[in-house]
Amino acid sequence: MAAPVNIAADTSSPDALALQGELCLAQGDIQKAADHYALAIKADPANPALKSRFIELAAFITVSCPHPEMEAALFACLSSPEVDCSEARALWQQILMQDPDFSKIYKHSTAGGVATFDRDAFGKANWQPLLNPFFLCGLRKVTVYSFPFEEFLTHLRLWLLDTCGTEPSKPMRAEVAGIAEALAHYCQSTEYIFATTQDEMRKIAELRHLLETDDEVMNDPCAIAIYACYAPLWELKTAEKIAKLHAGGPAAGLIKAQIADHAALERRKEGVAALTEIRDALSLKVQAQYEEFPYPCWTGFAKVAPEKEERALRGKKAQILVAGCGTGREAITLASAFPDSEILAVDLSRASLAYAAGRAEDFGIGNVTFRQADILHLGVIGRTFDLVSSSGVLHHMADPLEGWAVLRGILKPGGYMRVGLYSRLARRFIAEARRAVAANSYLPNVESMKAFRARSPKILRKQTMQDITHRGDYYHLSMYRDMLFHVREHSFDIPGIAGALQQLGLEFLGFGFNTGIPESYRAKYPSDPVGASLDNWHAFEKENPDTFSHMYHIWCREKA
């Protein structure tokens with residue numbers, strides 16, 4: 001191990017602090033690297049590059065005691081619309097729990113389920129920590145992948161409804177309106193996946209009636225925000241009237257997100273052009289799923305450094321295809337990384353494509369074109385590409401190899417291909433949960449999916465529950481459907497991938513990762529530093545079955 005590099009700290013220079021952070025990272029000290037970047041953000045709070053780098057590190061660090069510099073840096077990131085803070089979700093929660101007052105109210109609200117939640121005691125507790133801007137800003141920007149935290153927010157939502165839901169005269173309304181507004185953003189980001197009791201449903205129906213008939217309630221930002229914690233505002237008959245009433249008011253941001261942005265999405269759907277026909281029976285079923293549940297919903301993206309295979313495309317005006325782009329995050333990330341490239345992003349779902357086009361407009365991305373198309377018919381469009389990327393798509397086709405062959409046929413000589421496929425071993429618990437869904441006749445609609453989610457602790461083995469609740473897909477309704485209720489899913493193993501590559505005449509270049517797994521692999525197989533041996537990877541995965549917990553990201557190209 002190299003001797004530590006020691007640089008005299010210059011706490012006034014953000015560049016010097018960032019350099020110290022990178023040196024700490026090179027020495028394997030991520031925690032100290034993040035500390036330096038936190039100080040760099042303090043020295044230059046308007047620098048988005050420092051914030052993005054800090055968020056990259058935040059995914060791998062922990063705090064177990066109060067850390068004012070770390071909290072200030074994360075708050076600066078959360079307050080910046082252009083910074084994707086999703087990977088800082090765990091750090092945000094950890095910092096919150098260092099506040100003894102917040103920790104007390106959190107533990108109070110998670111002691112038992114909704115049936116045992118003491119609403120009066122919660123209201124009498126010191127709930128002032130819930131007004132902390134750090135907490136409120138985080139609710140608007142991140143989703144925590146923790147069921148106890150979801151339970152805490154479910155109880156908070158219930159308390160808000162009970163306290164101020166349908167009574168405009170309540171004196172606490174002005175204070176709790178900000179909490180309700182921030183929580184409404186969080187609930188919308190999860191697509192309203194929280195459990196809801198019959199009593200809550202009755203009260204929300206009453207509140208909806210008032211919002212559609214009573215001018216006093218329509219003018220109440222708190223009532224609007226509380227309703228938006230349970231259902232989207234665009235469903236209200238009076239949505240347009242409410243939007244006009246609150247233009248420029250405290251609820252304007254929430255109303256834009258839930259009324260104006262939704263209306264814009266509906267308009268964009270009409271403008272999505274079709275590139276190919278969609279006539280395959282399974283393609284039509286998959287299209288219907290994603291028209292109802294565009295996947296995934298997102299608000300920001302990290303401007304990450306290109307992988308080594310992608311770096312060869314820099315400055316070459318590359319033609320790039322994203323096949324099955326969903327809501328556009330990968331396509332927009334590539335467009336940002338390669339501004340001279342021309343990107344075609346296709347998907348079955350007009351709703352997903354409209355969402356993607358809106359995000360591209362939000363981020364000022366102009367070098368990507370979104371079109372509706374079926375991968376099975378892309379061979380007729382008369383174009384070839386320097387990079388073809390299809391992540392999380394082929395395994396939902398009737399014959400994944402047929403779709404892969406079509407993509408292989410439109411790859412330029414010397415071009416690169418990146419394919420994402422599910423690992424059978426890594427998804428063993430998901431497969432068990434999917435079998436339980438089928439055995440108990442649950443359906444892929446909102447009511448049935450939420451019913452299975454509520455009952456699954458009693459249906460599934462403890463180990464299976466632990467696996468699926470540690471996945472981000474568990475905490476967003478569209479992603480939950482994709483994980484457990486998709487109309488078709490195949491999974492693969494590495495020998496099967498090797499056979500497919502051989503059949504298609506493709507050379508395996510390696511797997512893509514954003515974690516420390518390649519280092520562990522190289523330590524075990526030092527004779528294969530680039531990770532190009534599928535036999536070695538097969539042995540490695542058998543010993544480490546969660547290696548590809550998301551999926552295999554396969555880099556390949558035409559055999560020489």
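Modeller: Helices are DSSP runs of H or I with at least four residues, strands are E runs of at least two, and both are numbered from the N terminus. By that rule, Ala539 sits in helix H27 (residues 534-543). This is a predicted model, where local features need pLDDT of at least 70, side-chain atom pairs count only at pLDDT 80 or more, and totals for chains, interfaces and linings use all residues. Residues are numbered from 1 along each chain as its sequence is written, and side-chain values use heavy atoms, with hydrogens and water left out.

Biologist: What does the secondary structure of the chain come to?

Modeller: There are 27 helices and seven strands.

Biologist: What makes the chain as compact as a globular protein of its length?

Modeller: Its radius of gyration is taken over C-alpha atoms, and the globule rule is 2.2 Å times the number of residues to the power 0.38. For 560 residues the rule gives 24 Å; the chain has 25 Å, which is close, so it is as compact as a globular protein of that length. Along its principal axes, the C-alpha trace spans about 75 × 65 × 45 Å.

Biologist: How confident is the predictor, going by the mean pLDDT of the chain?

Modeller: pLDDT is the predictor's confidence in each residue, from 0 to 100. The chain has a mean of 91, and 93% of its residues reach 70 or more. Residues 1-8 fall below 50. Beyond near neighbours in sequence, that stretch has eight contacts in the model (contact: heavy atoms within 4.5 Å).

Biologist: Why is Ala182 called buried?

Modeller: Buried means under 20% relative accessible area, exposed means over 50%, and partly exposed lies in between, with a 1.4 Å probe and protein chains only. Ala182 has 0% relative accessibility, so it counts as buried. It lies in helix H10. Leaving aside neighbours within four places in sequence, Ala182 is in contact with Leu136, Leu139 and Arg140.

Biologist: Why does Ala539 count as partly exposed?

Modeller: Its relative accessible area is 25%. Ile494 is 45 residues away in sequence, and the two C-alpha atoms are 9.4 Å apart.

Biologist: And what puts Asp99 in the partly exposed class?

Modeller: Its relative accessibility is 25%, so it also falls in between. Asp99 is in the loop between helix H5 (89-97) and helix H6 (100-109).

Biologist: How do you know that Lys317 and Ser441 are exposed?

Modeller: Lys317 has 62% relative accessibility, so it counts as exposed. Ser441 has 57%, so it counts as exposed. Lys317 belongs to the loop between helix H17 (308-311) and strand E1 (319-323). Ser441 is in the loop between helix H21 (428-439) and helix H22 (446-459).

Biologist: What is phi for Lys317, and what is it for Ser441?

Modeller: For Lys317, phi is near 50°. For Ser441, phi is near 60°.

Biologist: What makes Tyr422 a buried residue, given its place in a loop?

Modeller: The area decides. Tyr422 has a relative accessible area of 5%, so it is buried. Its loop runs between strand E5 (411-421) and H21. Not counting residues up to four places away in sequence, Tyr422 touches residues including His395, His396, Arg427, Asp482 and Tyr552.

Biologist: Why is helix H13 called largely enclosed?

Modeller: Seven of the eight residues in H13 (residues 221-228) are buried, so the rest of the structure largely encloses it. Those residues are Cys222, Ala223, Ile224, Ala225, Ile226, Tyr227 and Ala228. Their cover includes helix H9 (147-164), helix H11 (198-213) and helix H15 (252-271).

Biologist: Which residues of helix H23 are buried?

Modeller: In H23 (residues 462-469), they are Thr464, Met465, Asp467, Ile468 and Thr469. Cover for them includes H21, H22 and helix H24 (477-484).

Biologist: What share of the chain is made up of buried residues?

Modeller: Of the 560 residues, 51% are buried.
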